[in-house]
Amino acid sequence: MSAPLNLVNLERVHKAHGTTVILDDVSLGVAAGERIGVVGRNGGGKSTLLSMITGADEPDSGRVTHRGDLAMGVLDQSGTLPPGATVRDVVLPPSMFAAEHEWAGDPAVRSVLTGLELDRLGLDAPVAPMSGGERRRVALAAQLIRPLDLLVLDEPTNHLDVEGVAWLAEYVRARAGGLVVVTHDRWFLDEVCTTTWEVADGSVFSYEGGYSAYTLARAERARISAATEERRLNLVRKELAWLRRGPPARTSKPKFRIEAAQALIADEPPPRDSMALAGFAARRLGKTVYDVEDVDYAVPTDDGPRTLFRDLSWHVGPGDRIGIVGVNGAGKTSLLRLLVGETTPDAGKVVVGQTVAVAYLSQHVTELPPRARVLEAVQDVARVARIGNQEISASSLAERFGFAANRQWTPVGDLSGGERRRLQLLRLLMAEPNVLVLDEPTNDLDIDTLTALEDLLDNFPGTVLVVSHDRYFVDRVCDKVVALLGDGSLAELPGGVEEYLRRRAAGGAPLTTAAGAGTTKPVGAPSSAPAVSAADARAAKKEAARLERRMLKLDADEKKLHEQLADAAADYAKAAELDARLRAVHAEKEQVEEEWLAAAELAEG
């Protein structure tokens, strides 16, 4: 059976902006039905590659060809819509639907209108006064309902909530046509894409599979490349260690050999020691971070006050790492603003711990010194920051966040929106807060910068509260998830984002109020557990203490085996024997840790 003809071909394409080479001798193709995710650093050439594919820009040399009858739809980041148009004019034009019954009877069209919440906006609503996010959803809907051979999307998940991203992933996965999508949403890449393109250093590297496959392959490439920087390799190791601990499906997609990549992370510790960080946070913060007590809060609308919270109670403790999800308009940002004191409740109170030093990242870029250089703007806050047990200089931290040495002397006024966002986050971290309150922190951050941020948060010995539509980021950074469903209450989700989507799909079933959502509860635990007797709790406490002593013994054994392995490096037989014993110790440690967690939970009742 012959291979399908490509919809688009790029042959030896070269493109430069001034003296900067963006694409250098790039040859690739987009086949019918192929779903391609495009990743890379901000400014690395992703949007330029899309403009080559769509024909919006011409290469300096080389050739771009399209299939003669190609029907292609494009969503760029500008979100430009015709002036004076309504939602109906843009999404359901008369050229496609002469009468209303033609689209009303089409379940695919109805799915798009509902999934992107255009039914709530109203089909006759003018697009001119809409927010940027609403205009983006209208522009996206206009492309999704068309019968296209190829759909090219630039950051389609921006301005969508968790539920909207999940709907979009399911919709585009079921489409018959091809897809090329630029996105920093790693969960979306894994769910949708069959191929990943990385744009870096003027080249485009192709990998089979979604983000997980790309991460494994990039680690393999890094392992065999002596020129790869050790710092980037360490970040890839930590990311791999996270993926290996996740659902098996994450590592089942790659068809290439992964043993070499797994060897990279054989000795990689867990992303963070939650117990140690919680203990350190308790010493720095005391017992209370935030206590929300019987809070009522409403916001004014054209139709009168709309209640966001009614009799809301919530405790946030030291070391808690909580993700907050919810439908648009449910009050996620309002909740954060109540916590940091930007607004006050209509009734009830918010108690803030005496030692709380909060850093709040809002969705808006705060005022930055426009004439200062990037490094100067960071050093204005501090020259050295301590994050966990690390001391990091302003220059080193700036480099982690994508500001290379030469870029650190760029005037702040010349930075792009995404770079300003990164600088804002940098300045917050340099202030050494013990509480981080982050509202959509992943906006405008590329994947490498997100990985660096996650690495820093792994060692952050304080409380972290995150509002984000990025499921991968929430799963990676947070230990628990709470939800706002718009009924005035806050609900804990032991099953995380997956449980939230299941409940929403079931019609927004009521959830248990999370008055104590800040207390420790393992993700995935049942929402209502039977009561534990005092005798059982005492027995579980003894068992937990025994298992804790066993873990200390295994830690000592592991350390001794590592030392013996180093001494026996030249003795293959001895090294093999020690390695087998070390693996057995690792396996026993995992089993003991699981038993300890179960016993500790039972002991707490």
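Contact, in what follows, means heavy atoms within 4.5 Å. With that in place, I can begin with the chain as a whole. Among contacts between residues at least 6 apart in sequence, 70% join residues at least 24 apart. The model under discussion is a predicted one. Its protein chain has 605 residues, of which 50% count as buried, and its secondary structure comes to 21 helices and 20 strands.

I turn now to one of the sheets. This is an open sheet of 3 strands, in the order β11-β10-β13, and the pairing is antiparallel. Strands β11, residues 306-316, and β13, residues 347-352, stand at the edges; each has a single partner strand, so one side of each is left without a neighbour in the sheet. On average, and with direction ignored, neighbouring strands of this sheet are turned by 25 degrees against each other. For a specific point of reference, Tyr297 has Phe309 in β11 as its bridge partner. A helix accompanies this sheet: α13, residues 332-340, lies across β10, β11 and β13, and runs at about 55 degrees to β11.

The next topic is the aromatic residues. How many aromatic pairs does the structure hold? There are 5 aromatic pairs. One of them is formed by Tyr207 and Tyr214, an edge-to-face pair with 5.3 Å from centre to centre and 65 degrees between the planes. A second case involves Tyr211 and Tyr214: their ring centres are 5.9 Å apart and their planes stand at 55 degrees, so this pair is tilted. The cut-off that matters for these labels is 60 degrees, since planes over that value count as edge-to-face. Tyr211 and Tyr214 are 3 residues apart in helix α9, residues 211-224, and are therefore separated by about one helical turn. Together, Tyr207, Tyr211, Tyr214 and Tyr472 form one aromatic cluster.

Are these tyrosines buried or exposed, taking Tyr207 to begin with? Tyr207 is buried, because its relative accessible area is 8% and the limit for that label is under 20%. Tyr214 also counts as buried, at 2% relative accessibility. Tyr211 is buried as well.

Helix α9 also contains Ser212. Ser212 has a relative accessible area of 1% and is therefore buried. Its side chain is joined to that of Asp190 by a polar contact of 2.6 Å.

At 33% relative accessibility, Arg173 counts as partly exposed. Which residues does Arg173 touch, not counting residues up to four places away in sequence? They are Arg35 and Glu191. With Glu191, the side chain of Arg173 makes a side-chain to side-chain polar contact of 3.2 Å. Arg173 and Thr194, 21 residues apart in sequence, have their C-alpha atoms 9.9 Å apart in space.

Another arginine deserves a brief mention. The charged end of Arg422 sits over the ring of Phe403, at 5.1 Å from the ring centre.

Let me now consider Asp446, in the loop between β17, residues 435-439, and α17, residues 447-458. Although it belongs to a loop, Asp446 counts as buried, at 1% relative accessibility. Where sequence neighbours within four places are left aside, Asp446 is in contact with Gly40, Arg41, Asn42 and His184. Of these, Arg41 is 405 residues away from Asp446 in sequence, yet the C-alpha to C-alpha distance is 5.4 Å. A polar atom of the Asp446 side chain also lies 3.3 Å from the backbone nitrogen of Asp448.

Finally, I come to helix α1, residues 46-54. Of its 9 residues, 8 are buried, so the helix is largely enclosed by the rest of the structure. The buried residues are Lys46, Thr48, Leu49, Leu50, Ser51, Met52, Ile53 and Thr54. Just after α1 comes Gly55, which takes a positive phi of about 85 degrees.

Definitions and conventions: Residues numbered from 1 in each chain as written. Predicted model: local features only at pLDDT ≥ 70, side-chain atom pairs only at ≥ 80, totals over all residues. Heavy atoms only, no water. Pairing = 2+ DSSP bridges. Helix = DSSP H or I, 4+ residues; strand = E, 2+ residues; numbered from the N terminus. Axes fitted to C-alpha atoms, helices over the stretch in contact; angles between N-to-C directions. Buried < 20%, exposed > 50% of the residue type's maximum accessible area, 1.4 Å probe, protein only. Polar contact = N/O pair within 3.5 Å; in protein donor to acceptor, adjacent residues only side chain to side chain. Phe/Tyr/Trp six-rings, centres within 6.5 Å; stacked < 30°, edge-to-face > 60°. Lys NZ or Arg CZ within 6 Å of the ring centre and 35° of its normal.
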